Amino acid sequence: MFILDKLKQTLEIDDLILLRKEIHNISQNIISDSAKDTVFIKSELEQILKTQTIERTKYYIKRLIKALSEEKKSRYNDLNLHRWKQYEHIITDSLWVFENRDTSGAHNAKYWGNFIPQIPNQLIQRYTKKGETVLDPFVGSGTTLIEAGRLQRNSIGIDISEEAISLCIENLSKEKITNNVFTELVNEDSLRFDLSKILAKHSTKKVQFIILHPPYWDIIKFSKRESDLSNCKTLNDFLSSLEKCVANFYDYLEKKRHLALIIGDKYSKSEWIPLGFLSMQRILKFGFRLKSIVVKNFEDTTAKRKQKELWRYRSLAGGYYIFKHEYIFIFQKV
Ligand SMILES: C[S@@+](CC[C@H](N)C(=O)[O-])C[C@H]1O[C@@H](n2cnc3c(N)ncnc32)[C@H](O)[C@@H]1O
């Protein structure tokens, strides 16, 4: 790489003014493979030019050489930590606020209760590498599978509802998923489904990431099937079913890898039911390490937007607050 040789040569210079002049010349003539790289290199060179001592300047030059020539990756994603400044699109805060849903390609909001694609997108980038496998036991309309395909990860989606599976097939048919990854879809009950057969088909025994987006108990009824989590009669039944689902797939998750739960709370008979924290406690019983609790804003649904005043009145009269957030719990298998 032209720029690498040039940077290495600057390390021979012992005069700060000459050194800066050379760095300035390099920054005027950056030739790199991608626009992202150019922005990254430019910003690093700007920092180098602001430095006041020759030692510090050389320290930053060496750091840039390292960033351009070496990779430092964790064992569970493809992010090169030598270039961490390049990943502005990766969220690291525990508060996620999205103004808009990503509606690119096959993504749409047709399936009532689907999550916004930015959720699986962020999680898959943080917790998997290209070519690894993501399991979504409550796949719904296939948001996770679409994102996994785009990011070149294998994916397996399971759903108890035939309608969801049909919609999922329709959505996936609109996406061009590269043929070096597999996408599997099954119309089954995630509390009982034997995953080993699908994995064996692809000569593997494990998945590297599980993303759980179950019904928020009975807020939306998804199907008439008895073991659909949205048909659970009691809160305890719901929590036990979720636990059963985790137990069913626990052994298939590779050690040290992650499971994410996306869930919101519900309100019933004048009482806030903390589905999120109660579910979190059930999952922790398996011995997972809790890595993060992310709070994500709830965009208004069209129905809620139309009834904004009514909701405000109800809130003031009932002494409660209107739901504006849901949770993303991140667990690591130890
Ligand atoms: C909140 S939705 C998931 C939406 C999905 N993330 C998306 O973006 O489309 C929950 C899904 O869980 C499914 N479900 C409920 N109980 C299930 C079970 N026991 N096994 C498999 N799927 C189930 C429902 O049919 C529904 O599609």
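Helices are DSSP runs of H or I with at least four residues, numbered from the N terminus. Axes are lines fitted to C-alpha atoms, over the stretch in contact for helices, and angles run from 0 to 180 degrees between N-to-C directions.

This is a predicted model, in which local features need pLDDT of at least 70, side-chain atom pairs count only at pLDDT 80 or more, and totals for chains, interfaces and linings use all residues. Residues are numbered from 1 along each chain as its sequence is written, and side-chain values use heavy atoms, without hydrogens and water.

Select residues 16-28 and 54-69. These are helices α2 and α4, which pack at an angle of about 30° with their axes 10 Å apart. Helix α2 is therefore roughly parallel to α4 (an angle under 35 degrees).

Next, select residues 235-250 and 275-284. The axes of helices α9 and α10 come within 10 Å and cross at roughly 45°. The crossing of α9 and α10 is right-handed (clockwise).

Finally, select the ligand. It is surrounded by 25 residues (a heavy atom within 4 Å), and the closest are Tyr111, Ser141, Thr143, Asp159 and His213. A ligand nitrogen atom lies 2.9 Å from a polar backbone atom of Ser190. For Ser227, a polar backbone atom is 2.9 Å from a nitrogen atom of the ligand.

Terms used. A polar contact is a pair of N or O atoms within 3.5 Å; within protein, one must be able to donate a hydrogen and the other to accept it, and residues adjacent in sequence count only if both atoms are side-chain atoms. Helices (H or I, at least four residues) and strands (E, at least two) are DSSP runs, numbered from the N terminus. Angles under 35 degrees count as roughly parallel, over 145 as roughly antiparallel, 65 to 115 as roughly perpendicular and the rest as oblique.
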